[in-house]
Amino acid sequence: MLKGSRFWAAACLAGLLSFSVPVLADADADYDQGYRQFYDGDMTSAMISLRKAANAGHIKAMVLLAEVLDASEFDEEAVGLYRKAAEAGDADGMFGLGAMTVSGEGLKAKDTAEGMRWIRKAAELGQNQAVIYMAQAYLKAEQGLTEADRDTPEALRWVKQAAAKDYLPAVDALAQAYSTGGKLSVSADPVLAGEYQAQANKIRNIEPTKGKKKKKATAS
């Protein structure tokens with residue numbers, strides 16, 4: 001009897017595995033289709049395709065569908081999808097959930113501390129928007145952070161990470177901090193100040209010698 005039970009269990013598992021492969025493949029196909037429709041501006045079709053993939057457990061589909069729903073003011077459903085993705089370990093889902101929690105969209109009330117917890121987790125995973133959000137929060141002393149928090153090693157860490165992503169306010173802040181010293185818990189360093197100023201000029205498309213924006217070449 002035991003051997004028969006084991007055989008039956010093994011047969012059921014094999015059946016489930018053989019069924020899950022095409023389901024996952026279909027979810028990928030639905031997500032790819034929804035992704036294309038989204039960037040083509042066909043939101044109605046995109047929502048149908050993405051919802052099919054999300055219902056099959058496709059994490060990236062959940063996140064993109066949540067973005068569409070958030071933009072369409074279907075906030076409660078968007079929060080639910082972001083939460084599922086975030087709890088599955090997806091950094092984009094973490095940022096989306098965190099941002100909506102900070103603002104209180106789709107929730108009974110905003111919760112800055114909880115929202116920032118999710119955003120920080122996303123930033124620790126390198127999610128671009130989350131890194132920039134953290135830097136901005138420190139630079140502006142927002143989202144529960146104070147003026148005292150601005151000049152700390154933690155603030156410097158996030159501002160440097162945002163600067164590495166060419167976030168101009170972060171680059172400007174570092175250029176000024178290293179120029180004068182005292183800000184962002186750094187000492188004056190003319191070399192680093194010059195490097196960050198050069199980066200800022202490049203982002204602004206300013207020629208280093210003339211201090212003017214480069215003119216775009218015109219076709220002859």
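1. Asp90 sits in the loop between α4 and α5, and this note starts there, with the reminder that the structure is a predicted model. Since buried stands for a relative accessible area under 20%, Asp90 counts as buried, because its own relative accessible area is 10%. Its side chain takes part in a polar contact of 2.9 Å with the side chain of Lys60, and a polar atom of the Asp90 side chain also lies 2.8 Å from the backbone nitrogen of Gly93. When neighbours within four places in sequence are left aside, the contacts of Asp90 are Ile59, Lys60, Val63 and Ala85.

2. The largest pocket holds about 250 Å³ of space, and its lining is made up of 16 residues, with Val63, Glu67, Tyr82, Asp92 and Gln129 lying nearest the centre. Helices α1 (2-39), α3 and α5 (91-103) are the elements that contribute two or more residues to this lining. Sorted by class, the lining of the largest pocket comprises 9 nonpolar, 3 polar and 4 charged residues. Val63, named here among the residues nearest the centre, is also one of the residues in contact with Asp90.

3. The second largest pocket, with a volume of about 220 Å³, is lined by Leu139, Glu147, Arg150, Asp151, Ala173, Gln176, Ala177, Lys183 and Leu184. Both α8 (147-150) and α10 (168-180) supply at least two residues of that lining, and α10 gives the most, with 3 residues. By class, the lining of the second largest pocket divides into 4 nonpolar, 1 polar and 4 charged residues.

4. The largest nonpolar core has 59 residues, and within this core Ile119, Leu174 and Leu184 touch the most other members. In soluble globular proteins, nonpolar side chains tend to be buried together. Apart from neighbours within four places in sequence, Ile119 is in contact with Met94, Phe95, Gly98, Ala99, Val102, Ala130, Tyr133 and Met134. Leu184, which also belongs to this core, is one of the residues that line the second largest pocket.

5. Gln199 belongs to helix α11, which covers residues 190-203, and its side chain makes a polar contact of 2.8 Å with the side chain of Asp166. Asp166 is likewise listed, together with Ala163 and Val171, among the residues in contact with Gln199 once neighbours within four places in sequence are set aside.

6. Two residues deserve a second look for their backbone angles. Most residues other than glycine have a negative phi. Glu73, however, has a phi near 70°, a positive value in a residue other than glycine; Glu73 is located in the loop between α3 (59-71) and α4 (75-87), and counts as exposed because its relative accessibility is 56%. Asn205, which is not a glycine either, has a positive phi of about 65°; Asn205 is found in the segment after α11, and its relative accessibility of 34% is why Asn205 counts as partly exposed.

7. A reader may also wish to look at Ile48, which is placed in helix α2 (residues 43-55). Is Ile48 buried or exposed? The relative accessibility of Ile48 is 53%, and therefore Ile48 counts as exposed, the limit for that class being over 50%. Between the C-alpha atoms of Ile48 and Leu65 the separation is 9.3 Å, while the two residues are 17 residues apart along the chain.

Note on methods:
Residues numbered from 1 in each chain as written. Predicted model: local features only at pLDDT ≥ 70, side-chain atom pairs only at ≥ 80, totals over all residues. Heavy atoms only, no water. Core = buried A, V, L, I, M, F, W, Y, C linked by side-chain atoms within 4.5 Å. Buried < 20%, exposed > 50% of the residue type's maximum accessible area, 1.4 Å probe, protein only. Contact = heavy atoms within 4.5 Å. Helix = DSSP H or I, 4+ residues; strand = E, 2+ residues; numbered from the N terminus. Polar contact = N/O pair within 3.5 Å; in protein donor to acceptor, adjacent residues only side chain to side chain. 1 Å grid on protein atoms, 1.4 Å probe; cavity = no way out; pocket = protein on both sides within 12 Å on 5 of 7 lines; lining within 4 Å. Points joined across faces, edges and corners; volume = space filled by probe spheres on them. Nonpolar A, V, L, I, M, F, W, Y, C, P; charged D, E, K, R; others polar.
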